[in-house]
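Biologist: I would like to learn how to read a model of a protein, one feature at a time. Could we sit down with one and go through it slowly?

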Amino acid sequence: RLEEVLTGEEAPYATERVHTQTAFPERTRALLASASPKNDRLFHLLEERAYDAVRILVPHPTSSRRRFARAAAELAASIADANTQLIDVDTNDLQEALDRCSTLYRDLYFDLGMNVELGLTGSKIHAVAFGALAAAARISYGWYVVPRTFDRQRFTQGVGETHCFRVEWIRTPGAEPE
């Protein structure tokens, strides 16, 4: 049954830095990543870099693919050498993903005083939310985990409508910046 759930890609994986902003060396490091049936991407990132805190966005378990992504995140959380939490966020709800990312960033960066890194290891919607967060906040690094090869016969193909998003940062007049 897993053959129906997993997508076709092969190891070894490489980690590409897709975003950099000056980090504060005295701060500890946190990772904000996303779960996917492409579970080896998340495992690779957690093995390659050490974090003091990890937050993984996980989908609601409403399909085989989502249940597998969630189980993979639970396994990653159990082997990570960090304070790891799984955060429920729908893979198709951009507003929810933006709201959760903003809250997680505030908790990690301001409340806990950590440098925050992003792992592009999950859904496209979560990647859009991470991109918006990187544009609006101090994100130290953004990482994309690249497989050696893709099996084009098994890779996700367009099965639905195309959606375009316009993400804007709207500052309330007179409000203090966050």
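Biologist: Which residues does asparagine 115 touch, not counting residues up to four places away in sequence?

Modeller: Contact here means heavy atoms within 4.5 Å, and by that rule asparagine 115 touches Ala23, Phe24, Arg27, Thr28, Arg29, Ala30 and Ser140, with residues up to four places away in sequence left out of the list. The residue is found in strand E5, where helices (H or I, at least four residues) and strands (E, at least two) are DSSP runs, numbered from the N terminus. Its side chain also reaches the backbone oxygen of phenylalanine 24, at 2.7 Å.

Biologist: Is asparagine 115 buried or exposed?

Modeller: Buried means under 20% relative accessible area, exposed means over 50%, and partly exposed lies in between, using a 1.4 Å probe and protein chains only. Asparagine 115 has a relative accessible area of 4%, and therefore it is buried.

Biologist: Before we go on, what kind of model is this, and how are its residues numbered?

Modeller: This is a predicted model, in which local features need pLDDT of at least 70 and side-chain atom pairs count only at pLDDT 80 or more, while totals for chains, interfaces and linings use all residues. Residues are numbered from 1 along each chain as its sequence is written, and side-chain values use heavy atoms, with hydrogens and water left out.

Biologist: Where in the protein chain is confidence lowest, and where is it highest?

Modeller: The score, pLDDT, is the predictor's confidence in each residue, from 0 to 100. The protein chain averages 86, and 84% of the residues score at least 70. Confidence is lowest in helix H1 (residues 2-5), at a mean of 50, and highest in strand E5 (residues 114-120), at 97. Where pLDDT is low, the predicted coordinates should not be read in detail.

Biologist: How many salt bridges does the structure hold?

Modeller: A salt bridge is a side-chain nitrogen of Lys or Arg within 4 Å of a carboxyl oxygen of Asp or Glu, and the structure holds four of them. One of these joins arginine 29 and glutamate 117, at 3.7 Å from N to O. That pair links distant parts of the chain, with arginine 29 in strand E2 and glutamate 117 in strand E5, 88 residues apart. Arginine 49 also meets glutamate 117 in a salt bridge, at 2.8 Å from N to O, and here the partners are 68 residues apart, arginine 49 being in the loop between H2 and E3.

Biologist: Which residue forms a salt bridge with aspartate 88?

Modeller: Arginine 70 does, the closest N and O atoms being 2.7 Å apart. Arginine 70 lies in helix H3 and aspartate 88 in strand E4 (residues 83-88), so the pair ties together parts that are 18 residues apart in sequence.

Biologist: How many residues of helix H2 are buried?

Modeller: Helix H2 (residues 39-48) is mostly covered, since seven of its 10 residues are buried, among them Leu42, Phe43 and Leu45. What covers the buried residues includes strand E1 (9-20), helix H3 (64-79) and strand E6 (141-150).

Definitions and conventions: Polar contact = N/O pair within 3.5 Å; in protein donor to acceptor, adjacent residues only side chain to side chain.
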